[in-house]
Amino acid sequence: MDSSALTARKSIPDIVASADGGEAPLRKSLGPVSITAMGIGAIIGAGIFVLTGTAAAQYAGPALMLSFVLGGIACAFVGLCYAELAALIPVSGSSYTYTYATLGELAAWIIGWDLILEYAMGAATVAVGWSGYVGSLLGGFGLHLPATLTQATGTVVHLADGREARALLNLPAALIVLALTALLVLGTRESSRLNNIMVAVKLAIVLAFILVGAAYVSPAHWQPFLPANTGEFGHFGWSGVLRGAGVVFFAFIGFDAISTAAQEAKSPQRDMPIGILASLAICTLLYVLVAAVLTGLVPYAQLDVADPIAKGVDAMGLPWLSGLIKIGAVAGLTTVILVLLYGQSRIFLTISRDGLLPPAFSRIHPRWRTPWISQIVIGSIVALIAAVLPIGILGEMVSIGTLFAFVMVCGAVLYLRRHAPRMDRPFRAPGVPVVPVLGIGFSLLLMAGLPFDTWLRLVVWMAAGLAIYAFYGRRHSLLRQEGRAAPGR
């Protein structure tokens, strides 16, 4: 691999000019309140509904509250770096775009390949959680799905006659992914009105759980608050808090999506940092309260399920509230899967247009006007993953992929401050280099709390990505072929 891979990059002015030079520039209509609301909508979702139970039962116990605080602090430092890049490069892109403009093509490919992992595993994780909530909801009406068709392949399940068996696959998880993939191929997309409604529904669910559940909390369930370590790193004790933070970090990953709204912000230099930090603060507080109520309703050892909030609601003994919250959770998780599948195909589209992936992934259907090939490929793979893998493995893969992306974003800020110190920055992250270094440090700390197997999977994934880049991407890169600052889009 030649050294030009480390230096080939798109220029920031060309990226911004390309984004502004379309047929209809995006309207700058978002203020700090709108961006904050968008952030809350993006952050609250799968993590709080799906992974809180696993983290409490296996790693942190009631001290899961501290895990959420640690995750929120890490996101705050990274969020300031995102805000600087979002204001500096105000386009509807992602950390892939930022990295291409700052650290070069090779780093951009690495972050793009990492984002593919994050979005694919994220959609699969949410689909498994969706399956759990649907099963719980149907169970309330006396309809029980076969246990062997609602769990990861090989999971030991208990049959109605008392016998044990091994699950074949999680069929509902696979079916919801395939159904939403079909909708996306046909061009179905969320309207802003529907998104606002779903944000309101998700917030109502979380607030109802906190306010009503607080009256049913048993403080005895919080004892011990920090369960003693079992002798194995990451299983309770302070190392369990760290492991728990790494797992529930999934609950925070939506905040980086706020940066894609920079091009539509009225005043990016003011609105973006306010929106990012305010949404983080609000969501962290809500997460801590949810963790407190959940572990106060159900002994933490019993929360290792795909639908922990549903289990907590059932413990209250309020059937009317249970049904409402489960319906709302199913609806909210459905939109999260839809957004992740949509985002995954657009990442493929962007990378393919840069020549780093085959052109088939950027092929648009003449009638439906969607990247149909990439959408079908992605949907099929995600459905298979959701059908066979357990939620714990999926959640850890999403977290380590996200944290790795955060390290790259913080590194991009450090690089630009050193190599382009006079560049006009509408928003400057305070305390540089301390803030990005702390962002990198906290991200690496949370990554260190994840198990060795998760690290090994990340290494294998990245090795495969580098092989694809070496044998295909580097040779077909439009930036190299055209020999100019930015490929035509």
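Select Asp314 first: with a relative accessibility of 41%, this residue counts as partly exposed, a class that lies between buried (under 20% relative accessible area) and exposed (over 50%), computed with a 1.4 Å probe and protein chains only. The model is a predicted one, in which local features need pLDDT of at least 70 and side-chain atom pairs count only at pLDDT 80 or more, while totals for chains, interfaces and linings use all residues. Residues are numbered from 1 along each chain as its sequence is written, and side-chain values use heavy atoms, leaving out hydrogens and water.

**The salt bridges**

Lys326 and Asp314 form a salt bridge whose closest N and O atoms are 3.0 Å apart; the term denotes a side-chain nitrogen of Lys or Arg within 4 Å of a carboxyl oxygen of Asp or Glu. Lys326 belongs to helix H13 (residues 319–353) and Asp314 to helix H12 (residues 308–316), so the pair ties together parts that are 12 residues apart in sequence. Helices (H or I, at least four residues) and strands (E, at least two) are DSSP runs numbered from the N terminus. Lys326 is buried, at 6% relative accessible area.

The whole structure holds two salt bridges. For the other, select Glu84 and Arg417, whose closest N and O atoms are 2.8 Å apart. Because Glu84 lies in helix H5 and Arg417 in helix H15 (residues 391–419), this pair ties together parts that are 333 residues apart in sequence. Glu84 is buried at 1% relative accessibility, and Arg417 is also buried, at 17%.

Accessible areas come from the Shrake-Rupley method with a 1.4 Å probe, and for residues only the protein chains shown count as cover. Leu66 counts as partly exposed, at 30% relative accessibility.

**The nonpolar core**

Now select Phe49, Phe68, Phe209 and Leu341, which touch the most other members of the largest nonpolar core, a set of 143 residues. Helix H7 (residues 105–140) supplies the largest share of this core, 21 residues. Such a core consists of buried Ala, Val, Leu, Ile, Met, Phe, Trp, Tyr and Cys residues joined through side-chain atoms within 4.5 Å. Around Phe49, residues up to four places away in sequence being set aside, the contacts (heavy atoms within 4.5 Å) include Tyr133, Ile205, Pro308 and Leu333.

**Thr36 in helix H3**

Finally, select Thr36, in helix H3 (residues 32–43). Thr36 is buried, at 10% relative accessibility. A polar atom of its side chain lies 2.7 Å from the backbone oxygen of Pro32. The C-alpha atom of Thr36 is separated by 6.6 Å from that of Ile276, 240 residues apart along the chain. Beyond its neighbours within four places in sequence, Thr36 contacts Ile274, Gly275, Ala278, Ser279 and Ile282.

**The whole chain**

Zoom out to show the protein, with its 18 helices and two strands. Of its 489 residues, 56% are buried. The protein exposes about 19600 Å², of which carbon and sulfur atoms supply 67%.

Terms used. Polar contact = N/O pair within 3.5 Å; in protein donor to acceptor, adjacent residues only side chain to side chain.
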